[in-house]
Amino acid sequence: SSVCSVSPKSAARPKQNPCGGDPPHLRRPSGMERSAAGASYQRFPRVRIRELKDEYAKFELKDTDASMANALRRVMIAEVPTVAIDLVEIESNSSVLNDEFLAHRLGLIPLTSSAAMSMRFSRDCDACDGDGSCEYCSVEFHLAARATDSGQTLEVTSTKDLRSTDPKVCPVDQQREYQQALGNVDAYEPDAAGDHRGILIVKLRRGQELRLRAIARKGIGKDHAKWSPAATVTFMYEPDIRINQELMETLTLEEKQSWVESSPTKVFDIDPVTQQVTIVDPEAYTYDDEVIKKAEAMGKPGLVEINAKEDSFVFTVETTGAITAYELIMNAITVLRQKLDAVRLQDDDGDLGELGAHLIGG
Amino acid sequence: MNAASFTIEREDHTIGNILRMQLHRDPNVHFAGYKLPHPLQYKIIVRIHTASQSSPTQAYTQAINDLDKELENLKQAFEANTFE
């Protein structure tokens, strides 16, 4: 069954319905096959990773088109699975927040989800009834906090109070603390100064109590944003900027200066030695057309030509910490391939069933 | 003219658009398009017209195979890039 399906698996298999039938003589299996038919039109995209941190990645994707870039972006945001709290049984809640409010807040806490790809969706799990009793599809959490009689307000947080029964799946800040204790902190990720308090769930005053049992399940961002591993995923077309240097040399230094400054982002600069206009950062260009309008206003149309390269993209990926940026990219490719596999025509669909037999048989 | 409409249940623009663009790369395909008939219905319709030496089913299967190979390639490209 399809990984992306959101309905019960009984209906998960995609169907293909022929609406336009082919003329009978074209459907004959013995028909002549020209060489062009069945040839491969596959592309070989190139990748260059510019930056790769635990929760951030920047890379170039070339030799493919916007449909592929956008499919990857969409899958990263909405279809790569993670684990999040989905069911909460409140045993006792005398806090100021109501039960539903707390359940919602618990759901939004990112949990370490490296295991999510190999877990089952609880609706597809036949080892349990999706009630959290099974290790394949769910993880149980406990939370018990009580503000004692001191005058201090008690902060209930994801780091301190939310206890997982499976060490693989825990709030991301607990994992980070654990890694720091082991000394496994990335050298290039300087310890985010200060805040180790984790995510605040609720504050308790004297005598207030919160006790609950929660079940975390595998899910995808399409069903609820709490399951999205992506904080942001963006891509931009790589711009191809060409300055007409001959025309540029007809400008005075002041004119050049004012043209360079017309760009809201720092794309161009003036070489202090040669006084030539240079491109310092093409990717800072936001396709705002300001420099083009400025050139026209100065009576110098064609001073610069800017085109988006249609087969070259710059991606930035940020995750919530549930999985690493690298895992997010790789899982997105895997999920997209699973989706493609799910929409393949089945062998028995190939002859279009009864209609096909009718068409071939005449 | 060889023409067919494929209804793909439980898919959206993610699959629809890459499939359409891949079909456009096939010179036997005279027309390829997809539509999401209604935002609340979780299905898309892909329409394919092909030249007589091909067929919509053949073009469809070929497009999926090519996309799958492209993604396999992409995965390897990422792995090669990270561990170098």
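Guide: Two strands count as paired if DSSP finds at least two bridges between them. The model discussed here is a predicted one.

Visitor: In what order do the strands of the open sheet of chain B stand?
Guide: Strand 1 and strand 2 (29–35) of chain B each have a single partner strand and stand at the edges, so one side of each is left without a neighbour in the sheet. From one strand to the next the twist averages 15°. The open sheet has 3 strands with antiparallel pairing, and their order is 1-3-2.

Visitor: How many bridges join strand 1 of chain B to strand 3 of chain B?
Guide: Within this pairing Phe6(B) stands opposite Val46(B) of strand 3, while Glu9(B) has Lys43(B) in strand 3 of chain B as its bridge partner. Strand 1 and strand 3 (residues 43–50) of chain B run antiparallel, and the number of bridges that join them is 8.

Visitor: Is strand 1 of chain B largely enclosed or largely open, and how many of its residues are buried?
Guide: A residue is called buried when its relative accessible area is under 20%. Strand 1 (residues 2–9) of chain B is largely enclosed by the rest of the structure, because the number of its 8 residues that are buried is 7.

Visitor: At about what angle does helix 2 of chain B run to strand 1 of chain B?
Guide: Helix 1 of chain B lies across strand 1, strand 2 and strand 3 of chain B, and runs at about 170° to strand 2 of chain B. Helix 2 of chain B also packs on the sheet, touching strand 1, strand 2 and strand 3, and its direction makes with that of strand 1 of chain B an angle of about 50°.

Visitor: What separation do the C-alpha atoms of Ser55(B) and Ala3(B) have?
Guide: Ser55(B) belongs to the loop between strand 3 and helix 2 of chain B, and counts as buried because its relative accessibility is 13%. Although Ser55(B) and Ala3(B) are 52 residues apart along the chain, the separation of their C-alpha atoms is 7.7 Å.

Visitor: About what phi does Arg10(B) have?
Guide: Most residues other than glycine have a negative phi. Arg10(B), in the loop between strand 1 and helix 1 of chain B, counts as buried at 13% relative accessibility. Arg10(B) is not a glycine, yet its phi is positive, at about 60°.

Visitor: Is Tyr287(A) buried, partly exposed or exposed, and what is its relative accessible area?
Guide: Tyr287(A) lies in the loop between strand 11 (277–279) and helix 7 (290–297) of chain A, and has a positive phi near 55° in a residue other than glycine. Because the partly exposed class runs from the 20% limit for buried to the 50% limit for exposed, Tyr287(A) counts as partly exposed, with a relative accessible area of 33%.

Visitor: Which helix of chain A packs on the sheet and touches strand 3, strand 4, strand 6 and strand 8 of chain A?
Guide: The sheet in question is an open one of 4 strands in the order 3-8-4-6, with antiparallel pairing, and its edge strands are strand 3 (82–93) and strand 6 (162–164) of chain A. Strand 4 (residues 138–146) and strand 6 pair over 3 bridges, and Leu162(A) is the bridge partner of Leu143(A). The helix that touches these strands, with a direction at about 150° to that of strand 3 of chain A, is helix 3 (residues 99–107).

Visitor: What mean pLDDT does chain B have?
Guide: Chain A averages a pLDDT of 85, with 82% of the residues scoring at least 70. Over residues 1–35 of chain A the pLDDT is below 50, although this stretch has 78 contacts beyond near neighbours in sequence; where pLDDT is low, the predicted coordinates should not be read in detail. The model as a whole scores ipTM 0.97 and pTM 0.84. In chain B 98% of the residues reach 70 or more, and the mean pLDDT is 95.

How values were computed: Residues are numbered from 1 along each chain as its sequence is written. Chains are lettered from A and ligands numbered from 1 in the order in which they are written. This is a predicted model: local features need pLDDT of at least 70, side-chain atom pairs count only at pLDDT 80 or more; totals for chains, interfaces and linings use all residues. Side-chain values use heavy atoms; hydrogens and water are left out. pLDDT is the predictor's confidence in each residue, from 0 to 100. Contact means heavy atoms within 4.5 Å. Helices (H or I, at least four residues) and strands (E, at least two) are DSSP runs, numbered from the N terminus. Axes are lines fitted to C-alpha atoms, for helices over the stretch in contact, and angles run from 0 to 180 degrees between N-to-C directions. Buried means under 20% relative accessible area, exposed over 50%, partly exposed in between (1.4 Å probe, protein chains only).
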